[in-house]
Amino acid sequence: MDQNQKEETGMESLFAAWAKSVTNFWGDMTNMQFGGTAKPSDTSEKSRKDPIYQAQKNWETGTKVLQLLLSASGKPENINDVLKGMHSLPEFMMKMVQQSWDGYLELQKQWAEKAERIGQHTEAYNFEDIDQNIFKSWREIYEKEFQKILNIPQLGLTRFQQERMNQFVDKYNVFYASLNEFIYMFYVPIEKSSAVMQEKIEEMAEQGEIHDNLKDYYNMWIKILEGHYMTLLKSPEYTQVMDKTVDSLVQYRKAKDEVMYDILQQFPVPTNKDMDELYKDLYLLKKKVRELSKTVKT
Amino acid sequence: MSQPKIAVDLILKKLAETTEQVKTRAQKASEVLLGPLETDLSTTPYEVVYEEDRIKLKYYRPTEIKQKYPLLVVYALINRETMLDLQPGRSVVQTFLDNGIEVYMIDWGYPTRKDQYLTIDDHVDGYMDNVVDFIRDKHNLPKINLMGICMGGAFSVMYSALYPEKIKNLVTTVTPTNFDTDKGLLHIWMKQTDAYLMGNSYGNMPGDLMNLGFLLLNPARLILDKYVGFFENMDNKAFVENFVRMEKWIFDSPDVPAATFQQFITDCYKKNLLIQSKMELSGRRVELKNITMPILNFYGEYDHLVPPQACELLTQKVGAEDTEDICLKTGHIGIYVSSSCQKEFAPKIVKWLREREGEVRPGTKEQATFPNSVKDKIGKKTSDASKNKGRKNIELVLSNKRSRKKAKSVSPKK
């Protein structure tokens, strides 16, 4: 018998003992009497209609099923299967945790790299090296690890509502990620302008050209900033990020509205969806009336 | 190693002075801001003479009517027509009234969700046509003068092409008609915008969202520097009043009906149908060659929303022979509100319309009513221009060779 087999045998006996004690515990719990109620053996009509009696019966049924499951899983022939299932659960959990952890480490690595770059020479009016990797990484991690969970097909009576709720959460996450990227992009010219300005002041100081009027520096900075923004706003990178943000905003609003309609359906109020249909009818009717009036006039 | 020569004592002295100035300014500013301020817009009296759904027709009556043909002003659906009557002394409407022109102005109102299905067809072939017919009936005239502003200018071009028999003269100001240009960020961005997605999600295109987009066209100036300027001048009552008026106007931004927004972005910005005479409204082709009435086309050289490239092609594409392009050295809004343009823009329109009414022949000494200072300026400019043929005027610039050629045929064929 090798080491693995020994460990498994140990685990099996441990599990069997645990299953037995839990079965006994639930056995005692099954016999627990609800306060002031008739005994289950009392089968008279009056007793059977008593709500506490009914609750007791339900309790007994539930615990008996649990007892059965536990005692069955404690049997030697079933222990192996149960343990296999239990083994796979931590594996699944470990995999999830590991992937998330890897993603986090990757992000942290990029933050560190970005921090390293701060203070390096800044080239004015150049946006080709915008560090968007951090957002790209987040998006990739989100799409790979989390978005899939939100897209798991839902089951049962409320599957559509649940699906819409998941979509709402998903679109919210995507929108906020895009918005952060968009805001970051708007921050880049400020960072760059400040760095360029610093270099300019250093140059001026070396040449002894320091102005005594602070407004001059402000004017210089705002001009540099304006130039940076103009370059950024014309760049395809900006247009791409802007489109993505607007698109994710629209998707998020749509998903939010769908959830809102589900909630509002429970109240005696018309939703935008209901009103839009009405407005469309009204619009078409008015148009028709106008056309007819014109025809009558001519 | 060279030592930096920094006059630290001077800098510190200046800093102390600036701190003192800021303190004094803050004291004065609190008096200004806490005191009564005159910040009302659109104070010229008017009467609402026609209403249909959300739209209203404003009628401004001059003290003495000097022109036979009234002028209908069509503003854009973005922002409001109050800009033409921003404040006393800076009012395009007031200049028209002082010169005896009866002015009608469409107030497009504030679209609600119910208006989301209204298309450009409904605005141009519906509301505008009804308003024009109302004015024609009221004055018992077959034609009226039409002036369009920005998107309202594009509507006016479309209308004039559909109903040339109802329009005597057409004035377009900062009017985009050629959308196939990469000058101006709006043209670049709009080509990427999924207007249908936006419209379907919001019902109408929110004015605040559009305003945010306009602010992002130049964030350093419009979000930052503008307010730095305000803080530097907030002890100046007149400055504060003007600033607040502009703020009120800029952020008074009605939503745009979704269907109109979608149609404008798709047909104009993306497909550029209008200038090619390929646009269709109510099943009818908007044929620019149908525009045979005289056209005066204004635009701003530094307009970042509707650049000259978007405006100047119109006069070449229309059927009219009497056309004039005028490019002012200003931006999109400056045409209507800047002090220098106040003296050129509206008086020029008055003069141009009067010349085409038969009251004043071009080239005669009789002029529209200009303030004395402006009269001198314009008179001087005209003579300078005649002396230096082909040389660009300092403030009033004809946009390019083509327009100069066109401008030769300014005299109406009568």
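**Where chain A meets chain B**

Let's start with one pair of residues: A:Arg290 and B:Asp53 join their side chains in a salt bridge, with 2.7 Å from N to O. Keep in mind that this is a predicted model. The pair counts as a salt bridge because a side-chain nitrogen of Arg lies within 4 Å of a carboxyl oxygen of Asp. Between chain B and chain A there are 8 salt bridges, and the count of residue pairs in polar contact is 15.

Which elements of chain B give two or more residues to the side that touches chain A? They are α1 (8-34), α3 (120-139), α5 (185-192), α6 (195-202) and α8 (219-233). The largest share, 7 residues, belongs to α8(B). Sorted by kind, the residues on this side of chain B are 19 nonpolar, 6 polar and 12 charged.

Now step back to the whole contact. Chain B brings 37 residues to it, and chain A brings 42 residues. Together the two chains bury an area of about 3600 Å², and carbon and sulfur atoms give 61% of that area.

Next, look for the aromatic rings. Over all chains, the count is 29 aromatic pairs. One of them is formed by B:Phe264 and B:Tyr269, whose ring centres are 5.8 Å apart with 80 degrees between the planes. This pair is edge-to-face because its angle is over 60 degrees. Are these two residues buried or exposed? Both B:Phe264 and B:Tyr269 are buried.

In chain A, you can find rings linked in a cluster: A:Phe168, A:Tyr172, A:Phe175, A:Tyr176 and A:Tyr252 are connected through ring pairs.

Definitions and conventions:
Residues are numbered from 1 along each chain as its sequence is written. Chains are lettered from A and ligands numbered from 1 in the order in which they are written. This is a predicted model: local features need pLDDT of at least 70, side-chain atom pairs count only at pLDDT 80 or more; totals for chains, interfaces and linings use all residues. Side-chain values use heavy atoms; hydrogens and water are left out. Contact means heavy atoms within 4.5 Å. Buried area is the accessible area (1.4 Å probe) that two parts lose on being put together, summed over both. A polar contact is a pair of N or O atoms within 3.5 Å; within protein, one must be able to donate a hydrogen and the other to accept it, and residues adjacent in sequence count only if both atoms are side-chain atoms. Helices (H or I, at least four residues) and strands (E, at least two) are DSSP runs, numbered from the N terminus. Ala, Val, Leu, Ile, Met, Phe, Trp, Tyr, Cys and Pro count as nonpolar, Asp, Glu, Lys and Arg as charged, and the others, Gly among them, as polar. Rings of Phe, Tyr and Trp (its six-membered ring) pair if their centres lie within 6.5 Å; planes under 30 degrees apart count as stacked, over 60 as edge-to-face and the rest as tilted. Buried means under 20% relative accessible area, exposed over 50%, partly exposed in between (1.4 Å probe, protein chains only).
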